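Could you give me a quick tour of this protein chain? I'd like the overall layout, the helix, the strands and the core, in plain words.

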Amino acid sequence: MGNLHDLALLLILGAVVAAWMELARARELAVAAARRHCELQGLQLLDETVGLRSLRLRTVNGSRGIEHGYAFEVSIDGDDREPGRIWMQGRRVTGLSLPTVHWLAGVPANDNVHPDTTPPVPRQSPAGQPRANNVVPLRRRMPPGE
């Protein structure tokens with residue numbers, strides 16, 4: 001009887017470890033997807049991380065599965081923090097919310113536009129010329145009296 005109890009405990013522990021590993025893999029995929037979409041929109045992914053905010057059962061395009069919702073922060077001009085969210089079902093992005101774009105799979109107006117195909121929004125430098133990246137140039141601080 002003790003061996004059966006130990007086996008059940010070992011199986012439960014194995015299931016917990018497997019679930020933990022699956023969530024860690026899904027989080028790494030979400031970080032990569034958030035980074036890619038931020039680059040497409042000319043945004044900077046702050047802290048290079050996402051945080052799990054929700055798990056729900058959802059049907060997208062006839063496929064039912066568990067959808068993970070992640071929150072993260074982005075910067076538009078390097079001087080602010082704006083919220084962003086990404087929803088994933090398996091390896092597929094099912095929703096995206098950034099300060100520059102809102103997209104959700106399963107919504108008829110959004111089904112024919114995928115976030116990968118959205119053209120990047122050009123950013124302007126203070127001089128009015130397009131910038132190649134979203135890094136704000138800093139000026140040297142002048143000593144007092146000059």
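Here is a short briefing, going from the whole chain to its parts. This is a predicted model, where local features need pLDDT of at least 70 and side-chain atom pairs count only at pLDDT 80 or more, while totals for chains, interfaces and linings use all residues. Residues are numbered from 1 along each chain as its sequence is written, and side-chain values use heavy atoms, with hydrogens and water left out.

**The whole chain**
- You'll find one helix and six strands here, in the order α-β-β-β-β-β-β along the sequence. Both kinds of element are DSSP runs numbered from the N terminus (helices: H or I, at least four residues; strands: E, at least two).
- The chain has 146 residues, and 30% of them count as buried. Buried means under 20% relative accessible area, using a 1.4 Å probe and protein chains only.
- Take the contacts (heavy atoms within 4.5 Å) between residues at least 6 apart in sequence: 47% join residues at least 24 apart.

**The helix, H1**
- H1 covers residues 2–41. Its 40 residues should span 58 Å at 1.5 Å a residue, and its end C-alpha atoms are 58 Å apart, so the two agree. The expected span is 1.5 Å times one less than the number of residues.
- Among the buried residues of H1 are Ala26, Ala30, Ala33, Ala34, His37 and Gln41.
- An α-helix has 3.6 residues a turn, so residues three or four places apart point the same way.
- Just after H1 comes glycine 42, with a positive phi of about 75 degrees.

- E3 (residues 63–75) and E4 (residues 82–89) pair antiparallel over seven bridges; strands count as paired if DSSP finds at least two bridges between them. Glycine 69 sits opposite tryptophan 87 in E4.
- Six residues lie between E3 and E4 in their hairpin, where glycine 78 has a positive phi near 85 degrees.
- E4 also runs antiparallel to E5 (residues 92–98), joined by five bridges, with methionine 88 opposite valine 93 in E5.
- The hairpin of E4 and E5 has two residues between the strands, and glycine 90 in that turn takes a positive phi of about 70 degrees.

**The core**
- The largest nonpolar core has 17 residues, and those with the most contacts inside it include Val50, Phe72 and Leu98. Such a core is a set of buried Ala, Val, Leu, Ile, Met, Phe, Trp, Tyr and Cys residues joined through side-chain atoms within 4.5 Å.
- H1 gives this core its largest share, six residues.
- Beyond its neighbours within four places in sequence, valine 50 touches residues including Ala30, Ala34 and Phe72.

Methods
Buried means under 20% relative accessible area, exposed over 50%, partly exposed in between (1.4 Å probe, protein chains only).
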